[in-house]
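Visitor: I have a structure to study and would like to go through it slowly, one question at a time. Could you guide me?

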Amino acid sequence: MRIGIGFDAHRFVEGRALVLGGVKIPFRYGLEGWSDADVLLHAIIDAMLGASGAGDIGERFPNSDPAYRGASSLDLLRMAKETVGKRGYRVVSVDSVVVLEEPQLRPFRDEMRGRIASVLGISAGDVGVKAKTSEGMGFAGRREGVAAYAVALLEEA
Ligand code: MG
């Protein structure tokens, strides 16, 4: 068994779609970034890469590479799963926390879990997605952006 941890943060901007856990969420802001800026999937990808000893998301998917401009992070997650697989591991489970004041993620949570699970080839029950506010403190509390934390558990394939 190997465990990995991931963190990511992106800034709110106008004029972009908000995509979290592979699900488009209606909101007045989206997140700034080279890809679709799916902060939750980026944290999960980093946890998986870290657990497998494959470095980090910036090395695997450089934001200088035009191939990843506007990329769907679900595709990046799929590629990260392949990277982990080539190193002899499969994902057992993932847990995560998204830190934001708004919007409410509860209505979208099961859809996120389902999308992540289907890419990783595990069941939705093995994917945790929790949303927390930071009680008005810090950048998430000031509604400047969204942060996400994730852990991934891998086993030898
Ligand atoms: Mg990111």
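Visitor: How many bridges join strand S1 to S4, and do they run parallel or antiparallel?

Guide: This is a predicted model, in which local features need pLDDT of at least 70, side-chain atom pairs count only at pLDDT 80 or more, and totals for chains, interfaces and linings use all residues. Residues are numbered from 1 along each chain as its sequence is written, and side-chain values use heavy atoms, without hydrogens and water. Strands are DSSP runs of E, at least two residues long, and helices are runs of H or I of at least four, both numbered from the N terminus, while two strands pair if DSSP finds at least two bridges between them. Strand S1 covers residues 2-13, and the bridges that join S1 to S4 number two, with the strands running antiparallel.

Visitor: Which strands are the edge strands?

Guide: The open sheet of five strands has mixed pairing and the order S4-S1-S7-S5-S6. Each edge strand pairs on one side only, and these are strand S4 (30-31) and strand S6 (130-132).

Visitor: Which residues are the protein donors of the magnesium ion?

Guide: Donors are N, O and S atoms within 2.8 Å of the metal (3.2 Å for Na, K and Ca), and sites may look incomplete because water is not among the atoms. In sequence the donor residues follow the spacing D-x1-H-x31-H. Lying 2.0 to 2.2 Å from the magnesium ion, they are Asp8 (OD), His10 (NE2) and His42 (ND1).
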